[in-house]
Amino acid sequence: MADTSTALRLAGTGLQSVLRSGLPYLALAAMLAVLIALQPNILSYFGLNLLLKLSIPLILAAYAQMLVIALGDIDLSIGSFVGLVNCVVAVFFGDHLALGLLILAAAVVGYAIMGAVIHLRRLSSIMVTLGMSFVWFGVALLILPNPGGVAPEWLADFARMQAPLMPLPLWLAIVIAVIGHFTLMRSSFGVILRGAGGNPRAIARAGWSILQARLVIYSAAGILGVLSGLVLTAITTSGDPNVAPTYTLVSIAAVILGGGAFVGGIMSPVGTVAGAITLALAGSMLSFLNVPPVWQIGAQGCILVAVLAGRALVRTDSK
Amino acid sequence: MTAMSSATIALRAPWTLNFVAALLIWGLTLVASGGRGGAETLTVALAFSVFTVLAGTGQMFVIAAGPGNIDLSIPAVMTLAAYLSMGVMDGDAALLPLGLAIALGTGVLAGVGNIILIRALKIPPIIATLALSFMLQSLANNAGGEATIKPPQELADFAILKLGGVQILLVLVLALSAFVQLVIARSVFGRYLLAVGQNDRAAALTGIPVWWIRLSCYCLCGAMAGLTGFLLAGFSGGAMLNMGGTYLMESVAVVVLGGTAVAGGRANAIGIWGAALFFNLLGTMINAFHLAEGWRFICTGAIILFVISLNPDEPR
């Protein structure tokens, strides 16, 4: 009797865990199915390129957010950081490439310092990153008070590149997912990084430095933010401090949607990629459905709730 | 001696530094303008602080309710409440009570909506309130679109009404802050709230209705945001889209700078004033010195980082 119920429960948990880890892909598949049903043309090389283009910078920003969330922190500055990178690239990369690179390198160091300060002074990551979001935005405004600037030709060419077999954004999404999966989920390096968020004491007792882990993670988040800004500038071809404020919160949503959790140590790189694409596609789907513009943002909220509600239903634990 | 002791107080209670910083900035502005217009500068900053404080006080209840609790729907609630109430009144002062009730009701309903998403669907508050704010934004777009809906003249007059040179609204909101402080420190609700914020499990074991407390916090926050939208529409000439935009992160910042613990369990309603004054005087100073707009954000970020770094005992 007891055995049966345990077995049943185990089977139940197995099914639930499959559902839980599969949820981001189910959501993405459903979203794509609706999009294809509405607009079969998107299945072409050109259509997919257009459709997926804007999800790449969001995927990169969501990766940055995922690393920080896996530490048990939250990064409220990634959106304005991507905006800063966008401005630096649009203003300096054309004529003063070295200076532009120097500023971006300094910004990444700034990200690492942010992580170190959070750790050493035991500060709340929410408040430190909130403060830094104002700083990044302010610097971006100083560099480019009004939208303008031009992306260098080579960068814009990159976004226009005709990749073989599949459109470039699809290649990029797959490459990012594979790299993320193998560095974070399949390497001893990834275990230490995830452990630093899940059980910092155990990692510290095993002789690893939590401070170093934090430095590595925040630097990586900064570099991912720079990459996100670069790709975004390649697509938009101009600069605007206000280009990506929504990235901050949407990247958090993509991580949670993809199977991450705020408790630390829990992340899913491939799920995050799927989550970011799903959220980026939500906008396209709503325009294909002819949802009036005034309702679009509300409908995005509903999609967010619907997908996360699915996550609550297949949840196994109370956390 | 007095300088020494006030320095000690400032270090023990970093939120008092906001008042010092605000005073410093006011002094700098005075120097820049050659001593002219000091009173006006302060009056204007105080008048705008009223709205920052109202929105911030709501956010304070939510943040004090424990780790992870945050309300990102404040700007959307403000805008929607302003549109609905101004639309219903349509300039008719006789309908002011109805308009106010609608503004408050909108906020309370938003609070209920937030708690439903957080509790029933187990969505983290930061995302639940964001998702709800998207929906409310759409409702506001439909309620008003691109148009500005004007307030009844009486409401506009009341928002700037002065008795003996003192803005009435300012006095009322100051009194409200004092009352809220009293509620936090002395009432059963206040003690329950801080207990839930410190350790919700322990609070539940002592029989505190944890989720009712959280529901009250989100509803109070919504109602305060609704009230802010209602009054701001009166003050600034009508309900406008994006009227709440700057309150998204600023409401969080003033609360935490004001001495409320980010992780919950400690609340300070009076401290919000110092941070709100600082933010609003900063804008005036940047203008007085003809500095680029970017410096305003850099200074805002710097003061947040500075005050936060004086609170090393915050749990992460």
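Predicted model: local features only at pLDDT ≥ 70, side-chain atom pairs only at ≥ 80, totals over all residues.
Residues are numbered from 1 along each chain as its sequence is written, chains are lettered from A and ligands numbered from 1 in the order in which they are written, and side-chain values use heavy atoms, without hydrogens or water.

Chain A contains 14 helices and zero strands (DSSP runs, H or I of at least four residues for helices and E of at least two for strands, numbered from the N terminus). The C-alpha trace of chain A spans about 75 × 55 × 40 Å along its principal axes. Of the 319 residues of chain A, 54% are buried (under 20% relative accessible area; exposed is over 50% and partly exposed lies in between, with a 1.4 Å probe and protein chains only).

In chain B, a surface patch of negative charge is formed by B:Asp90, B:Asp92, B:Glu154 and B:Asp157 (residues with over 30% relative accessible area and no salt bridge, like charges being joined within 9 Å; a salt bridge is a side-chain nitrogen of Lys or Arg within 4 Å of a carboxyl oxygen of Asp or Glu). B:Glu154 belongs to helix α7 (residues 153–160) and is partly exposed because its relative accessibility is 44%.

Helix α8 of chain B (residues 168–186) includes B:Leu174, which is also classed as partly exposed, at 42% relative accessible area.

Definitions and conventions:
Patch = residues over 30% accessible without salt bridge, like charges linked within 9 Å, V, L, I, M, F, W, Y side chains within 5 Å. Areas by Shrake-Rupley, 256 points an atom, 1.4 Å probe, with all protein chains shown as cover. Lys, Arg positive; Asp, Glu negative; His and termini not counted. Charge placed at Lys NZ, Arg CZ, Asp CG, Glu CD.
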